[in-house]
Every structure is written in structure tokens, then in C-alpha cells.
Amino acid sequence: MQNKNMLMIPGPTPVPESVLLAMAQHPIGHRGQDFNQIISEISQNLKWLHQTKEDVLMLTASGTGAMEAAIINFLSSGDSVLIGNNGKFGERWVNVARAFGLKVDEIRAEWGEPLDPEMFKDKLMNDKSKKIKAVIVTHSETSTGVLNDLETINKYTKEHGEALIIVDAVTSLGTVNLPIDKWELDVVASGAQKGYMIPPGLGFVSVSQKAWKAYQNSNLPKFYLDLGAYKKAINNNSFPFTPPVNLIYGLQIALRIMKAEGLAQMFTRHQKLAQATRIAIKTLGLNLLATDESASYAITAVSSSKIDITNICYVMKEKFNIILAAGQDHMKGKIFRIGHLGFICERDILTTITCLETTLQLLGDTSIVSGKAVSEALKFLP
Ligand SMILES: *Cc1c(COP(=O)(O)O)cnc(C)c1O
């Protein structure tokens with residue numbers, strides 16, 4: 001029998017049926033009143049989700065497009081930037097910045113370790129001539145399941161005074177508290193297929209007043225991703241270019257679902273799902289890459305000293321149709337990652353744990369006590 005596919009990867013994430021059905025409607029013209037009304041509602045709700053009074057701009061792009069926009073609109077050729085790099089997506093920031101001729105200084109940590117905010121402090125305090133134009137950080141590092149201490153890094157950036165703070169919030173937005181205005185985060189980039197409960201295809205960027213001032217002086221080439229055009233258009237509930245109309249239908253419904261749940265409740269749900277997953281992994285005798293203190297609520301990365309990781313993912317897919325994410329780059333074959341963000345509920349986690357337990361048993365692990373991992377997980381899912 002054709003089994004039901006179950007996506008437990010960090011993205012694309014599952015999509016609610018009501019969102020899928022909304023997307024199945026005929027497209028409408030994006031220059032008409034009806035469409036303006038949808039954008040007006042979405043715009044308000046995006047501000048709510050992002051905890052900001054500023055506009056949240058929508059780009060027809062994946063998350064990386066939003067990251068690129070976050071660089072090219074606020075910086076100039078030859079500018080110095082300080083980038084946190086402790087995984088695949090930190091490295092992506094470095095690659096984007098270098099592609100546009102920025103001078104990159106990196107703060108590094110091993111994959112699986114969080115960035116050390118004190119290393120940012122040292123660099124920033126020593127920058128007496130205020131050469132550093134931006135501090136660029138990945139909040140939730142999807143390649144390792146590490147949540148970086150953005151609040152402290154941001155605090156040191158504020159003490160520097162000049163530098164903008166530019167954040168990749170692709171897997172933190174909607175999963176963990178990220179009060180953009182309260183923390184005065186300048187540019188925050190995210191993407192549809194992670195915490196927004198819609199399919200891939202939209203990137204989001206929020207921009208502070210300070211960043212809009214920097215925009216005036218930015219000389220990097222831009223056209224399609226020129227955020228000035230999106231800002232002007234959104235003030236009229238519109239877009240500079242044809243938006244993905246059907247994805248916008250989906251986003252309208254997804255945001256209503258999120259509002260009905262509430263921000264605090266969303267964060268608590270993700271926290272519990274992460275805690276339940278982590279205790280189950282430990283109970284199964286597998287290893288967690290990130291420590292409890294630095295764990296992302298969105299992704300759990302797992303290694304094993306007893307059973308081959310690739311075999312675990314293979315059996316999970318072939319026998320149960322549960323898709324786990326492999327490790328990236330040098331972590332390939334060393335870890336698998338469980339995505340538990342967006343439209344994920346307790347049942348999904350309990351199912352994944354149970355099937356993982358059975359998978360380990362099928363692969364010859366005799367140390368497993370049947371049902372123990374689930375009963376441990378239930379401590380966080382009352
Ligand atoms: C998914 C992701 C991105 C963007 O990837 P795209 O494939 O371009 O959507 C960027 N940063 C992080 C942390 C991510 O998880």
C-alpha cells in the first residue's frame with residue numbers, strides 16, 4: 001500500500017490542508033482591489049508575527065534570496081563585516097558577503113557548538129575607528145540544531161553603536177521568541193518553507209529605521225532585490241513585480257492559524273516538541289549534537305556511536321515513510337536531523353520516536369527497552 005509520507009526535515013515543512021486548499025484557488029490579478037485587501041491583512045499579521053512595527057517585505061525567493069537582499073541593500077563594496085560562522089548557514093553568509101566584495105572577519109565555532117558572544121565583544125570593542133559596518137549572525141543554525149545567543153551578541157553590537165545587526169532567522173522565526181523591535185534588530189531574513197507553514201517560494205525581510213538610513217548610502221548593485229521598491233509598494237498593499245499569488249493565498253490562511261494559536265503558545269509548543277525529542281534520543285542511546293543550553297527548538301541533530309546513521313535514515317524512509325534530514329558537508333553520514341518546526345504536533349513526535357525505536361531494533365540494537373523513549377518524551381507532552 002502507498003504509505004503516507006511524513007516530512008520530519010527542517011524544510012520544506014508540512015502544510016495544513018486549509019492552506020493547501022486556499023492555494024488551489026484560481027489566481028487573481030495582483031493589481032486589483034481584491035488582492036490589495038489580502039496584502040493589507042497579511043502585512044498586519046506579518047508585523048504581529050515578527051514583533052515589529054516596521055513593514056515585513058516579501059520577496060519571491062527562497063531564504064537565501066532574503067539573505068542576499070539583507071546584504072546588498074545596506075552595505076557597500078569593501079565594507080567590513082563581522083560574521084558568525086558555526087555551520088552551513090553561517091558559512092553561507094560568508095559566501096554571500098564575499099560574492100559582493102565585502103571584507104569578512106569571521107567568528108567561528110565548531111559545528112555543534114554555539115558562537116561565543118564574548119568573541120564578538122572583543123572585536124567590537126577594539127574597533128575604535130568604527131570600521132565594522134555590520135554584525136551578521138545565524139540565529140538557529142539548521143545544519144547543527146544550535147541556537148546562537150543572539151540577544152547577547154546584539155547587546156554588544158548595540159554597545160559598538162555603528163554596526164547594523166543582520167540576522168538569519170530562517171528556522172527561528174515562529175519557533176522561538178525573537179522580539180525584533182524590542183531588541184532593535186536591524187535586518188531579519190527568513191523563508192516560507194520553515195516556520196510559516198507554507199510551501200517554499202517566499203522570503204521575508206524586516207528592516208529597521210537605522211537600516212533604512214544605511215540603505216541610502218549602499219552602493220552594491222541591485223535590481224530585483226532592491227528593497228526600496230518593495231517598501232514603496234507595500235505601503236500601497238502591493239508588490240513591485242508579480243508575486244506568487246497562490247502562495248500568498250496560503251500565507252493568508254497560515255497567518256490566521258498562527259494568530260489563533262498565539263505567539264507564546266507557538267514558542268511553548270516548539271520548546272516542548274524539542275525537549276520531548278531530545279529526551280527520547282538520549283533514552284534510545286543516541287547522541288545529541290547540541291547541548292541542552294544551546295538547543296534550537298526547531299531542529300534536533302543526532303549522532304550515533306552504535307548504529308550507522310545512513311542505515312537509520314534508510315529504514316525510517318523505506319519502512320515508515322518518515323523522512324529525516326541527512327547531515328550537510330562534513331557531517332554527512334555522521335548525523336541526521338529531525339525537523340520539528342511549523343505544522344508539527346505531539347503526534348508527529350511520538351510517531352517519529354516510536355518508529356525510530358523500532359528502526360534501531362530492526363538494525364540489531366538489543367539495548368532498547370520498548371516504549372521507554374515514548375514514556376520519557378511524554379514527560380514534556382502532558
Ligand atoms: C533553510 C535555511 C536558509 C535558506 O535556505 P533556502 O534553501 O534558500 O530557503 C537559510 N538559513 C537557514 C538557517 C536555513 O535553515
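1. An oxygen atom of the ligand lies 2.8 Å from a polar side-chain atom of Gln193, and a backbone N or O atom of Gly63 lies 2.9 Å from an oxygen atom of the ligand. Taken alone the ligand exposes 380 Å², of which the protein buries 87%; such areas come from the Shrake-Rupley method with a 1.4 Å probe, and for residues only the protein chains shown count as cover.

2. On the basis of the note: this is a predicted model, in which local features need pLDDT of at least 70 and side-chain atom pairs count only at pLDDT 80 or more, while totals for chains, interfaces and linings use all residues. Residues are numbered from 1 along each chain as its sequence is written, and side-chain values use heavy atoms, with hydrogens and water left out.

3. The ligand is surrounded by 14 residues, the closest being Ser62, Thr64, Thr142, Asp168 and Lys194, where a residue is near a molecule or strand if one of its heavy atoms lies within 4 Å of it. By class, this shell has three nonpolar, eight polar and three charged residues; Ala, Val, Leu, Ile, Met, Phe, Trp, Tyr, Cys and Pro count as nonpolar, Asp, Glu, Lys and Arg as charged, and the others, Gly among them, as polar. Helix 3 gives the largest share of the shell, three residues.

4. The buried residues are Gly63, Gly65, Ala66, Met67, Ala69, Ala70, Ile71 and Ile72.

5. In helix 8 (residues 227–234), the buried residues are Leu227, Gly228, Tyr230, Ala233 and Ile234. Their cover includes helix 2 (33–50), strand 2 (56–59), helix 3 (63–72), strand 10 (203–207) and helix 7 (209–217), contact being defined as heavy atoms within 4.5 Å. At the start of helix 8, a side-chain oxygen of Asp226 reaches to within 3.0 Å of the backbone nitrogen of Gly228.

6. The loop between helix 8 and helix 9 (245–261) holds Ser238, which counts as buried at 13% relative accessibility. The side chain of Ser238 makes a polar contact of 3.0 Å with the side chain of Arg31, and, leaving aside neighbours within four places in sequence, Ser238 is in contact with His30, Arg31, Asn36, Ile39 and Ala233. Asn237 is found in the loop between helix 8 and helix 9 as well, and has a positive phi of about 50° although it is not a glycine.

7. Most residues other than glycine have a negative phi, and most peptide bonds are trans. Lys130, in the loop between helix 5 (117–125) and strand 5 (132–138), has a positive phi near 55°, and a cis peptide bond with omega of about -5° joins Gly11 and Pro12.

8. Glu376 sits in helix 13 (residues 372–377) and is buried, with a relative accessible area of 16%. A polar contact of 2.9 Å joins the side chains of Glu376 and Lys379, and, apart from neighbours within four places in sequence, Glu376 is in contact with Ile279 and Thr283.

9. The structure holds zero disulfides, a disulfide being a pair of cysteine sulfur atoms within 2.5 Å. The sulfur of Cys345 is 14 Å from the closest cysteine sulfur, in Cys355, too far for a bond, and the sulfur of Cys355 is 14 Å from the closest cysteine sulfur, in Cys313, again too far for a bond. Cys345 is partly exposed, at a relative accessible area of 30%, whereas Cys355 is buried, at 12%.

Definitions and conventions. Helices (H or I, at least four residues) and strands (E, at least two) are DSSP runs, numbered from the N terminus. Buried means under 20% relative accessible area, exposed over 50%, partly exposed in between (1.4 Å probe, protein chains only). A polar contact is a pair of N or O atoms within 3.5 Å; within protein, one must be able to donate a hydrogen and the other to accept it, and residues adjacent in sequence count only if both atoms are side-chain atoms.
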